[in-house]
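Hi everyone, thanks for coming. Let me put the chain up on the screen, and then we can walk through how it is put together.

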Amino acid sequence: MCIYCEKPVRGGGINRFKYHLAEKGDVEKCKKVPPAVAHQFGQNIEEFMNKKRKTQENYAKSYEHVMRLKENLIEWKSLKHDSNNNNNNNNNNIQEQVNSVYYQPVIDAITNMGAGYKGPNFGRVRGYLLSKLVEDMKKIIEWYHEIWKQTGCTIMADGWTDRCRHTLINFLVYCPKGTIFLKSVDASHASKTTDLLFELFKDVVNFVGPENVVHIVTDNAANYVAAGRLLEAEFPKLY
Ligand SMILES: [Zn+2]
């Protein structure tokens, strides 16, 4: 309800209210708002609109950029097929543009190895290199652990059902530094039972550290809500 004219402003949230007070747009205008307040809200709306316009412009720009790259890539490919033009500046330009965005770090790394470098074979990629990547990821999670301690974090549990009717729950941890994917669990056996669901969540909370978790966000099905209550009982500081 407006404190000036005492009219209820229904729906549309805070923005609709701002328009009412700023005496702008097609919302019913306030008849009793002091001019200074109306002016202030008018400026607030303008700032908001400017911000919105900028975001849209940036989006359009990056979209254009991607589309241009895509066109260039297609053009580049067709030029590459035409193997006769080995002294084609245009070709080089486009190639450079494409490289600098996506492939340059890879190319730099490979050329640093010098001539004769052989890429890893399939066995090495799926064996040693994959496990090394997993180890690196674990280190990153450890690093995030330190951030969670400082800022607190949110656990997000996103449940879904695959084509074989398995219930899978993806666990993600959000903090101001960013969101990381923790794990995916086949919860087919647990999703229908509050107690098992509770155990599953408890494991995750213990991994992240109960003192770091501010709240946990789950589906709102009855058994999830019940498991949430059990969690709140187990960890009094968690919502
Ligand atoms: Zn009013």
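So, reading along the sequence, the pattern is α-α-α-α-β-β-β-α-β-α. That gives six helices and four strands, taken as DSSP runs numbered from the N terminus, with helices being H or I of at least four residues and strands E of at least two.

A quick word on the source: this is a predicted model, where local features need pLDDT of at least 70 and side-chain atom pairs count only at pLDDT 80 or more, while totals for chains, interfaces and linings use all residues. Residues are numbered from 1 along each chain as its sequence is written, and side-chain values use heavy atoms, leaving out hydrogens and water.

Now, the inside. Of the 239 residues, 27% count as buried, meaning under 20% relative accessible area with a 1.4 Å probe, protein chains only. The largest nonpolar core has 30 residues; a core here is a set of buried Ala, Val, Leu, Ile, Met, Phe, Trp, Tyr and Cys residues joined through side-chain atoms within 4.5 Å. Which residues touch the most other members? They are W148, I169, F171, L182, F201 and V208. Helix 4 (122–151), helix 5 (194–208), helix 6 (222–234) and strands 1 to 4 each give two or more residues to this core, and helix 5 supplies the largest share, seven residues.

Take L182: leaving aside residues up to four places away in sequence, its contacts (heavy atoms within 4.5 Å) include W148, F171 and V208. Another core lies apart, with eight residues, among them C2, C5, C30 and A38.

How values were computed:
Buried < 20%, exposed > 50% of the residue type's maximum accessible area, 1.4 Å probe, protein only.
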